[in-house]
Structures are given as structure tokens and as C-alpha cells.
Amino acid sequence: MDRIGFVGLGAMGTPMAWNVHDAGFALGVYNRTAAKMDPFAEAGIDTYDSPAALASDSDAVVTMVTGPDALRDVALGEDGVARGLDRERDPIVVDASTVSREATMEVNDRVRDAGGRFVDAPVLGTVGPAERGELLVLAGTDGETLDDVRPLLRAFGDVSHVGEVGDGTGMKLTANLLLGVMMEGFSEALAFAEGQDLPLEDVLDVIRNGVLGAPLYDYKGPLVREREFDPQFPVDLLFKDLNLVLDAGGEAEVPLPATSAAREAANATRGLGHGEEDMMALIKHLETVSGRTVGDD
């Protein structure tokens, strides 16, 4: 497995693709917005006009797109990955996107019909870990396929085999459920503390050193203090993922009241125009209502 195709050069996909190149694989890329391929072309990396053309020239293809509809487009469309797979290569398709279980299984079925193998491999982590190759890959596939594709996945970070196809998606949605609830709870705690006139540094210190401490809060707290909301994981994507969680929860008849509240908080933040900012911007809808700004000296 020497030649790797990469589809989707967004905030996460771009550093992941560069890491594939840096790991020594022969890389080819495709992106629906062609201009995002320019830096790769300037580095001598092959660019393609369609996912099918890229797939026909690749031993494995990685897709990293924004959601189920985008995945169906690049994987199952008229010029999608599935149409370009070459059976002679025993190709593997790896989806690193966060999508629905239904979309994951649809792509799995089409890839297998086309003579390929599929790995359901969403990643945990944001832009910084993606740049450093420190993501956690939640791989859902059979053991033999994982062994074959593991050298590629290690270019992204650590690899955890979480089960069969579909289990990677389920695990990622479980993690993002908790992420959304934690971020909204953290935002509410900081907004409440501001309403009690508590110094932000004291609040962060108590959280950091008590049983409530978490690396997520250690990282996000100082960003609130400095009012830095550059997108590591944008509110828009958190909203998308929480919708996927709630859809899956409804299908399984599992009530998710806290998740619903976090989704609505994300929607309120989007409504205020902060959807493209980091998920820590969830605090802004609370600040708007309360008239107080956390971390604003």
C-alpha cells in the first residue's frame, strides 16, 4: 500500500494529508474547492479533477469531509471514490469524517460492491493534534484490514480498534456527545461564576485542582481569559455532530436531554453569528443574555 489518495482538504484534512506525505507515502489529493489543492501542487503532489480519478490511481483513499451529505457526494456520486476503485489493487477506503451510521454503512456497502475494503475511522482531536499527528483514530473494521492499513493510520496518531464497521462512528458520536455537554456545562459554570463576581483565575484553579479537573478545561479556560476563539473545533461542526447524536438517540429510543440542551446552546451561538468560531464560543450566548463578559478585564 504505497500510493494514498486523500479527499477533503479542510481545516482537519489539510494537516492530515501533509502527514501522509511526510510519512513517506506517495500522495495524491482531491478537494471540491480546487484552490485548496494549490499548495500540494506547488509541492509536486499530484492533484485530481474527481474522487473517481484519484481512487483509480490509489491503493488506499482517505476521505475527510464535513458530514453525511458531503461523504455521499465524494464517495457515492457519479464521479465518486467508489466508481474509481481498481479491484486489482485490493483497495481500501478509510473514512475519517464524523457522519451518521447510515452514511457509514452505505459507503461500506458500495465500496465492497466495487471490490474494495472499508475502514470506519473517525478521529478524536482538533486542528492542533491533527497538525502534530496526535489524533486518536477510532477504527471500525476487521482485524486483517486494520493490520493492512495501520501504517497509514499511524500517520494521523494513535489507533484504537473499537470494533466493526459502524462502531467507529458510534464511538465518535458518543465522544462528541460528552464533548458538547462538557463544553456547555463549562461555559455555564464560568458565566455563573462571573455573575457571582468570582475571579476567573480562582474559578479555573479550583476546577483544575479538584475532582472536576479535565484536560479539556485546562486547555479551554485560558482561551476564555484571553478571549481567543480561533476555531479548533467550530461551533457549526459541534452543532452538526450533536444533531447526528440526537438522530441516532431517537432511532435507538435513548433519551438525551442534556445533549438536546447543548445542541440548542450551539444553535443559539450560531444565531448570534459565532458559528465559525471555536466551540468555546458557546459562552457568548450566555454572555449576551447576562450582559456580563467572562475574562474581560
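Which residues of strand 6 (residues 117-120) lie on one side, which on the other, and are they buried or exposed? I started my notes here, bearing in mind that the model is predicted.

**Entry: strand 6 and its partner**

I looked at strand 6 from both faces and found each of them covered. Arg117 and Val119 are on one side, Phe118 and Asp120 are on the other, and all of these are buried. Next I looked up the pairing with strand 5 (residues 92-95): the two strands are parallel and share four bridges. Within strand 6, Asp120 is the residue that stands opposite Asp95. I then followed the chain from strand 5 through helix 6 (residues 101-113) to strand 6, and noted a right-handed β-α-β unit.

**Entry: strand 8**

I checked burial along strand 8 (residues 135-140) and counted five of its six residues as buried. I looked up two pairings for this strand. With strand 7 (residues 123-124), strand 8 runs antiparallel, and two bridges join them; Val123 stands opposite Val137 there. With strand 9 (residues 157-163), strand 8 runs parallel, and six bridges join them. Gly140 has Gly163 of strand 9 as its bridge partner. I also noted that strand 8, helix 8 (residues 143-153) and strand 9 form a right-handed β-α-β unit.

**Entry: the nonpolar cores**

Which residues touch the most other members of the largest nonpolar core? I found Phe6, Met16, Leu152 and Phe156, in a core of 33 residues. Among the elements that give two or more residues to this core are strand 1 (3-7), helix 1 (13-22), strand 5, helix 7 (127-132) and strand 8. Helix 8 gives the largest share, four residues.

I took Met16 for a closer look. Setting aside neighbours within four places in sequence, I listed its contacts as Phe6, Met64, Ala96, Val123, Ala130, Leu135 and Phe156. Another core lies apart from this one; I noted that it has 27 residues, including Leu179, Leu204, Leu216 and Met279.

**Entry: helices 10 and 11**

How do helix 10 (residues 200-209) and helix 11 (residues 215-226) pack? I read an angle of about 175° between them, with the axes 10 Å apart. Helix 10 is therefore roughly antiparallel to helix 11, as angles over 145 degrees count as roughly antiparallel. I listed the residues that meet: Leu200, Glu201, Leu204, Ile207 and Arg208 from helix 10, and Tyr217, Asp218, Gly221, Pro222 and Arg225 from helix 11.

Terms used:
Residues numbered from 1 in each chain as written. Predicted model: local features only at pLDDT ≥ 70, side-chain atom pairs only at ≥ 80, totals over all residues. Heavy atoms only, no water. Buried < 20%, exposed > 50% of the residue type's maximum accessible area, 1.4 Å probe, protein only. Pairing = 2+ DSSP bridges. Right-handed = clockwise from strand over helix to strand, strands pointing away. Core = buried A, V, L, I, M, F, W, Y, C linked by side-chain atoms within 4.5 Å. Contact = heavy atoms within 4.5 Å. Axes fitted to C-alpha atoms, helices over the stretch in contact; angles between N-to-C directions. Parallel < 35°, antiparallel > 145°, perpendicular 65-115°, else oblique.
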